[in-house]
Amino acid sequence: MHHPENRLRVLTYNIQVGIDTGRYRQYLTRGWRHVLPFGGRQENLDQIATVLRDHDIVALQEIDAGSYRGAFLNQAQYLAERAGFPNWHLQVNRNYGALARHGIAVLSRLPPTGIRECRLPGFLPGRGALLLSFGSDARPLHVLAVHLSLGQRSRQRQLRYLARLSAHCKDLILLGDMNCPAWHLQRHSSLINAGLHVADTEGHSYPSWRPRRNLDHVLLSPSLKVRHARVLDHPMSDHLPVAVELDLPPALAASLAHGRTMTLPACA
């Protein structure tokens, strides 16, 4: 990556386990692709890798950890290698053995100095969050990657949980598929109290073939300044990726250059 040291490029992308969708009816006509292998999946992943490689930290949702439907390919590892990311971490949230291993992942060019897997509250199990730290313990950058529930009541509980976790982090990037619009996040009292603001407020990321809803977001601590935020026209899933370029405070940029292992706040 050739850009100033005080810049950071982050991206969130729900990749729908490598399934491209171009019409609502394809959820039915191509629904079998969620449980069975198909020939174009790896080509789709290669296309996804091309957009990932322009960023420093990437959060991925709806990723398969290696099962029959995906020809037992660990999609996080594959995308990290194809896009040139030396670091990746995968959290499996729904494990159906050989049939499907569903989860979220974070790819990074920076070496993480701490990783913690969190289980999100909700009425149904299977939602999680990945909390990673980068830099020194004097001024760490925390990255919290999530995929929230479709149901409003569960999602409200999850947002309150994330706000409590965020209160321990001075410099935080919270990103992922939130399954709700930006205005909802901007009015959520727990997130406001945690000092977080939505970096992307205008772009629509779903459905990818005719975007009408903004469901995928990047939220930031006040210390992190937005240079650019946009939805990328890269319809290799039913969602489009959201990319944000940040300006980092000088002390944080220096910290990222001299990171070491540190203790993360508990996921309680």
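Strands β3 (residues 87–95) and β4 run antiparallel and are joined by eight bridges; two strands count as paired if DSSP finds at least two bridges between them. Helices (H or I, at least four residues) and strands (E, at least two) are DSSP runs numbered from the N terminus. The model is a predicted one, in which local features need pLDDT of at least 70 and side-chain atom pairs count only at pLDDT 80 or more, while totals for chains, interfaces and linings use all residues. Residues are numbered from 1 along each chain as its sequence is written, and side-chain values use heavy atoms, with hydrogens and water left out.

Of the eight residues of β4 (residues 101–108), seven are buried, so the strand is largely enclosed by the rest of the structure. Buried means under 20% relative accessible area, exposed over 50%, and partly exposed in between (1.4 Å probe, protein chains only).

**The six-stranded sheet**

An open sheet of mixed pairing is formed by six strands in the order β5-β6-β7-β8-β10-β9. Its edges are β5 (114–119) and β9 (197–198), each with a single partner strand, so one side of each is left without a neighbour in the sheet. Strands β6 (residues 128–134) and β7 (residues 141–147) run antiparallel and are joined by six bridges. Leu132 has Val143 in β7 as its bridge partner. Helix α4 (residues 152–166) packs on the sheet and touches β5, β6, β7 and β8 (172–177), its direction making about 170 degrees with that of β7. Contact means heavy atoms within 4.5 Å. Axes are lines fitted to C-alpha atoms, for helices over the stretch in contact, and angles run from 0 to 180 degrees between N-to-C directions.

**Nonpolar cores**

The largest nonpolar core has 25 residues, and Leu8, Val10, Ile57, Leu141, Ile173, Leu175 and Val218 have the most contacts inside it. Apart from it lies another core, of 24 residues, including Ile48, Ala49, Val58 and Leu107. A nonpolar core is a set of buried Ala, Val, Leu, Ile, Met, Phe, Trp, Tyr and Cys residues joined through side-chain atoms within 4.5 Å.

**Salt bridges**

Nine salt bridges are present in the structure; a salt bridge is a side-chain nitrogen of Lys or Arg within 4 Å of a carboxyl oxygen of Asp or Glu.

| Salt bridge | Closest N and O atoms |
|---|---|
| Glu245 and Arg7 | 3.6 Å |
| Arg30 and Asp20 | 3.8 Å |
| Asp20 and Arg33 | 3.3 Å |

Asp20 lies in the loop between β1 and α1, and Arg33 in the loop between α1 and α2, 13 residues apart. Asp20 is partly exposed, with a relative accessible area of 23%, whereas Arg33 is buried at 14%. Arg30 is partly exposed, its relative accessible area being 28%. Glu245 is buried, with a relative accessible area of 12%. A network of salt bridges links Arg7, Arg9, Arg227, Glu245 and Asp247.
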